[in-house]
Amino acid sequence: MEKASQGLIYLSPLPWTSFEQRPHKFARWFHLRTGGKVLWIDPYPTRLPKLSDFKRLRFSSNGNLKNDMPAWLEVIRPASLPIEPLGGSEKINKMIWRKTLIKAFSFAHDFNAIVAIGKPSALANQVLDGLPEALSIYDAMDDFPAFYAGISKKAMLSMLNWETQIVDRVSTLVVSSTILLNRWSAIRADTKLIYNGLDVSALPNAELGFVKSGSPIRFGYVGTISAWFDWSWLIKLAEIRPNDEIVVIGPQLVTCPYELPDNIYFKPACEHQEALMHMKSFDVGLIPFLRNQLTSSVDPIKYYEYRALGVSVLSTAFGEMLFRFNEPGTFVSKSNDDLDELASQAVCWSFTKSEADEFAIKNSWNSRFDQIKLY
């Protein structure tokens, strides 16, 4: 980066206390490269609440905010009424956001802050309104309308298209997948594709980890089990590999609609370090996601973690995985019909340690974000 900035205001799609993902890594990268302070603004509801939201809250925290917060970080949790994106909500919530906006504007003045937006919202637009001269970036990570339904979706699409407004206004537009690049580059030719990555420092040492059993073969998935999970594909894999283990680790937000084979084993959610150790014990890492609008723009972080741990990958053909048919040790299944052959190929594949290490460095979060020039 050519010039160090002293501050970053990050309007995040995730709470700081949630499992660390791309937004957290961006904030840490910014501090690492500039030594600057970060004002992190937690998300507020931008659609009408659903029952599943309350279930999801059970798995959202990774620790106490006060104890886990680094010295260079300040976190704000803006209050709001859960009425966005209904018409008129901006005027109502703007009054509630007054303290948040004052804090953001004061921080920007004191630290010459850049504004980074990880989720389109009325609040994000209010911050841009108050800081028209500030450098700004929108990191588009999802097809946000896909997360809305019913009244919320209609309102989001037809009345309050915050995302389009933000794309038009920010200094820099970054996207995390090819589908998002195709979508936004038609509007902004300077759209930059920066894939997801991985935290190299979190990877277990080569001599650590669970010992692979050798037999039976262990196919494994680590992650959230939600509406995007392809149960049919997973069951088919279990049926064609009856003598092997299919291990699924993570919070289960939905119930399987089918009867499961006996060789599918579920384990509860665990801390990231333990999850990586489990991944290291897999013979083949699985990414069993449905192919739909919800997953069309997803670049799964677990793909990078599997590969960096020297584990071959067997995935359904969704999102960014659609563009990885020719990647080493990566086997992308177009349907249940090709699963038998691809599973056999994935089992036989092996990476050398140097190949895995090289992949990890090339695809680290720091390498990713170093492509961004904000000055």
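**Strand β6 and its surroundings in a predicted model**

In this predicted model, A140 sits opposite V175 of strand β6. Four bridges tie β5 to β6, and the two run parallel. Strands here are DSSP E runs of at least two residues and helices are H or I runs of at least four, both numbered from the N terminus; two strands count as paired if DSSP finds at least two bridges between them. Residues are numbered from 1 along each chain as its sequence is written. Local features need pLDDT of at least 70 and side-chain atom pairs count only at pLDDT 80 or more, while totals for chains, interfaces and linings use all residues, and side-chain values use heavy atoms, leaving out hydrogens and water.

On to the other neighbour of β6. Two bridges join β6 (residues 172-175) to β7, again running parallel. V174 faces K192 of β7, and V175 has L193 as its bridge partner in that strand. All of this belongs to an open sheet of seven strands, ordered β3-β2-β1-β4-β5-β6-β7 with parallel pairing. Its edges are β3 (73-76) and β7 (192-193), each of which pairs on one side only.

What about the two faces of β6? Both are covered, with T172 and V174 buried on one side and L173 and V175 buried on the other; buried means under 20% relative accessible area, exposed over 50%, and partly exposed in between (1.4 Å probe, protein chains only). In a regular strand, side chains alternate between the two faces of the sheet.

Helices lie across the sheet too. Helix α9 (residues 178-185) lies across β5 (136-140), β6 and β7, at about 145° to β6. Helix α5 (residues 98-111) lies across β1 (7-11), β2 (37-41) and β3, at about 165° to β2. These angles run from 0 to 180 degrees between N-to-C directions, with axes fitted to C-alpha atoms, for helices over the stretch in contact; contact means heavy atoms within 4.5 Å.

E163 is part of helix α8 (residues 162-169). This residue counts as buried because its relative accessibility is 3%. Its side chain makes a polar contact with the side chain of Y138 at 2.5 Å.

Zooming out, the chain has 15 helices and 13 strands, and buried residues make up 51% of its 375 residues. Average pLDDT, the predictor's confidence in each residue from 0 to 100, is 87 for the chain, and 82% of the residues score at least 70. Residues 51-66 stay under 50, and the model has 25 contacts beyond four places in sequence for them.

Terms used:
Polar contact = N/O pair within 3.5 Å; in protein donor to acceptor, adjacent residues only side chain to side chain.
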